[in-house]
Amino acid sequence: MNKQSNYGEWKVIGNFFDGQRHFIAGRLINKDEVQHSGNIEFHGNYSTDEEEVKKTVAKLNALEREARQFAYFKENSTSVLYAFCNRCQYFTSGTPRQYEMFFDRAKNAPEEITRDQYLRELSAILWICSDGKDSIDTIRGVLFSEYLRVTAPIE
C-alpha cells in the first residue's frame, strides 16, 4: 500500500446473476485507463448484502488513506520532526550523532512497522534524549497530535 500507485478508490460493484443482485468491493488498477475486466481489482467475495460490502469499501479506503498518510509522514519526517522538536523542546539532551540516527530511523523505518509502533518508537527515542520534563506518554500524545495535523490534508 505504501508504494506509488495509480489505483482508484474502492467502490461497491454490483452484478446481477443467479436471479438476484450481488455486490463486491472493487477498484481500478490504473485510474487513467478505461474500466474493463483486466483493469479491476476485487476484494473479498460477492455478497447479496450491499450494506456489508459498503462497510468493507469504507474500511479499505480508510486503510489506503492511512497508508498514504504514513508514507507521507515518513518521507517528510526530517523536516517535520526537526520543527516539532524545536517547537516542543524535545531532543535537548541527545548528541548530534543520536539526532542524526533519530532522523534516519524516522525516515527509514521498516515497511512492516505500523503507524502506532512507529510513533511509539519515536516517542521513546525523544523521551530518552530529552530533559525529562514530559513523560513518554505525554510525548507520544503530542507526537500523535502532530502526526494528525501534518497528515490531515492527505487524501
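Two strands count as paired if DSSP finds at least two bridges between them. Helices (H or I, at least four residues) and strands (E, at least two) are DSSP runs, numbered from the N terminus. What you're looking at is a predicted model, where local features need pLDDT of at least 70 and side-chain atom pairs count only at pLDDT 80 or more, while totals for chains, interfaces and linings use all residues. Residues are numbered from 1 along each chain as its sequence is written, and side-chain values use heavy atoms, with hydrogens and water left out.

**View 1. Three strands make an open antiparallel sheet, in the order 1-2-3.** Strand 1 (11-17) and strand 3 (40-47) sit at the edges with a single partner strand each, so one side of each has no neighbour in the sheet. On average, neighbouring strands here are turned by 35 degrees against each other, direction ignored. Strand 1 is joined to strand 2 (residues 20-28) by seven bridges. Look for Phe16, which stands opposite Arg21 in strand 2.

**View 2. Helix 1 packs on the sheet.** Helix 1 touches strand 1, strand 2 and strand 3, where contact means heavy atoms within 4.5 Å. The direction of helix 1 makes about 5 degrees with that of strand 2. For such angles, axes are lines fitted to C-alpha atoms (for helices, over the stretch in contact), and values run from 0 to 180 degrees between N-to-C directions.

**View 3. Helix 5 (residues 136-151) has a buried face.** Ile139, Leu143, Glu146, Tyr147, Val150 and Thr151 are buried, whereas Asp137 and Arg149, on the other side, are exposed. Buried means under 20% relative accessible area and exposed over 50%, with partly exposed in between (1.4 Å probe, protein chains only). Among the elements covering the buried residues are helix 1 (50-75), helix 2 (77-88) and helix 4 (115-128).

**View 4. The largest nonpolar core has 23 residues.** Such a core is a set of buried Ala, Val, Leu, Ile, Met, Phe, Trp, Tyr and Cys residues joined through side-chain atoms within 4.5 Å. Leu81, Phe102, Tyr118 and Leu126 touch the most other members. Helix 1, helix 2, helix 3 (96-107), helix 4 and helix 5 each give two or more residues, and helix 2 has the largest share, with five residues. Leaving out residues up to four places away in sequence, Leu81 touches Phe73, Phe102, Phe103, Ala106, Leu122 and Leu143.

**View 5. There's also a second, separate core, of six residues.** Its members include Trp10, Phe23, Val57 and Leu60.

Terms used:
Arc of directions from axis to C-beta.
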